[in-house]
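Me: I would like to go through a structure feature by feature. Please give the general idea each time, then the case at hand.

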Amino acid sequence: GRASPPLAALSQVLRLEPSRRTAIVFPLQKLERYLAPGTDTARFRLFQPGLAALQRAEALFRSDRGHPIDYVSSAVRMDHVPPPALPEVCFIGRSNVGKSSLIRALFSLAPEVEVRVSKTPGHTKKMNFFKVGKYFTLVDMPGYGYRAPQDFVEMVEAYLQERHNLKRTFLLVDGVVGLQKTDHIAVEMLEEFGIPYVMVLTKIDRASRGVLLKKVLEIQEFVKESTQGCFPQLFLVSSVEFSGVHLLRCFVAHVTGNLPTVEAS
């Protein structure tokens, strides 16, 4: 297997000086100091787990003999999907939003897990299922927009409506360009079906601080004014620098019922 990249493990992050550590674990909080005085920051800190919760979540994403993390199967239709035995989360987003790269970052402590990252946008044509021990399943959904498979809508709509063990959908949005027309269509679909979801801003290492702050405030305002089912806090991630990856692991552990509620409050 491959070696884990730097900062993939929390123990490596804890060696950093405090401000850098905060920027990696809580990238949204790093932006707070640049906000205008009086800006409401409550939605920046709704999910703020302590060290014990972050460590517990990391253990779930670290494979060993008694806790295997495996690619299970791929499916193009609902009658091909594995049985809904475990709590499940799925990741959806535009083609080229960095979805497979983020999933590979989440699973970086289990380097034997093969998450294919394509250089060609729209390459993921199937639903790919990854089983995390006996705790939960993570699903990589096909990208929408550019070169999306023609049966994407049917596949994804059927999955979202029929998958009763689905605990949370993670909607990935490019942190450089923000919400696009196709993202709004995805939001409308999730809202129509009453699916609980959370927005994740990807590629934050590529956005200037000003651009990122603008996108965060715009999207948070959109979530507040125009959504019912979206968790009010955004999650910011960089699959390159591992910013936000530890927090996202913790949120996945939380929504799949694998963190004591007290720890995650």
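Predicted model: local features only at pLDDT ≥ 70, side-chain atom pairs only at ≥ 80, totals over all residues.

Me: How far is the sulfur of cysteine 250 from the closest cysteine sulfur?

Reply: The distance is 18 Å, to the sulfur of cysteine 230, again too far for a bond. Cysteine 250 has 0% relative accessibility and counts as buried.

Me: Next, salt bridges. How many does a search of the whole structure find?

Reply: The criterion is a side-chain nitrogen of Lys or Arg within 4 Å of a carboxyl oxygen of Asp or Glu. The search finds nine salt bridges. One of them pairs aspartate 79 with arginine 77, at 3.3 Å from N to O. Aspartate 79 is exposed, with a relative accessible area of 57%, and arginine 77 is partly exposed at 44%.

Me: Which parts of the chain does the salt bridge between arginine 163 and glutamate 88 tie together?

Reply: In this pair the closest N and O atoms are 2.7 Å apart. Arginine 163 lies in the loop between helix H6 (152–162) and strand E5 (166–174), and glutamate 88 in strand E2 (residues 88–93), so the bridge ties together parts 75 residues apart in sequence. Both arginine 163 and glutamate 88 are buried.

Me: Where are arginine 94 and aspartate 183, and are they buried or exposed?

Reply: Arginine 94 and aspartate 183 form a salt bridge, with 3.7 Å between the closest N and O atoms. The pair links distant parts of the chain, 89 residues apart: arginine 94 is in the loop between E2 and helix H5 (99–106), aspartate 183 in helix H7 (residues 181–193). Arginine 94 and aspartate 183 are both buried. Salt bridges can also share partners, and in this way Glu58, Arg62 and Arg249 are joined into one network.

Me: Which residues gather in a patch of positive charge on the surface?

Reply: A patch is built from residues with over 30% relative accessible area and no salt bridge. Here Arg20, Lys30, Arg33 and Arg209 gather in such a positive patch. Arginine 20 sits in helix H2 (residues 18–25) and is partly exposed, with a relative accessible area of 37%.

Me: Last, how far apart are glycine 38 and aspartate 70 in sequence and in space?

Reply: Sequence separation and spatial distance are read side by side. Glycine 38 and aspartate 70 are 32 residues apart in sequence and 47 Å apart in space, C-alpha to C-alpha. Glycine 38 is in the loop between helix H3 (27–32) and helix H4 (51–60), and is exposed, with a relative accessible area of 83%.

Technical notes
Residues numbered from 1 in each chain as written. Heavy atoms only, no water. Patch = residues over 30% accessible without salt bridge, like charges linked within 9 Å, V, L, I, M, F, W, Y side chains within 5 Å. Areas by Shrake-Rupley, 256 points an atom, 1.4 Å probe, with all protein chains shown as cover. Lys, Arg positive; Asp, Glu negative; His and termini not counted. Charge placed at Lys NZ, Arg CZ, Asp CG, Glu CD. Helix = DSSP H or I, 4+ residues; strand = E, 2+ residues; numbered from the N terminus. Buried < 20%, exposed > 50% of the residue type's maximum accessible area, 1.4 Å probe, protein only. Disulfide = S-S within 2.5 Å.
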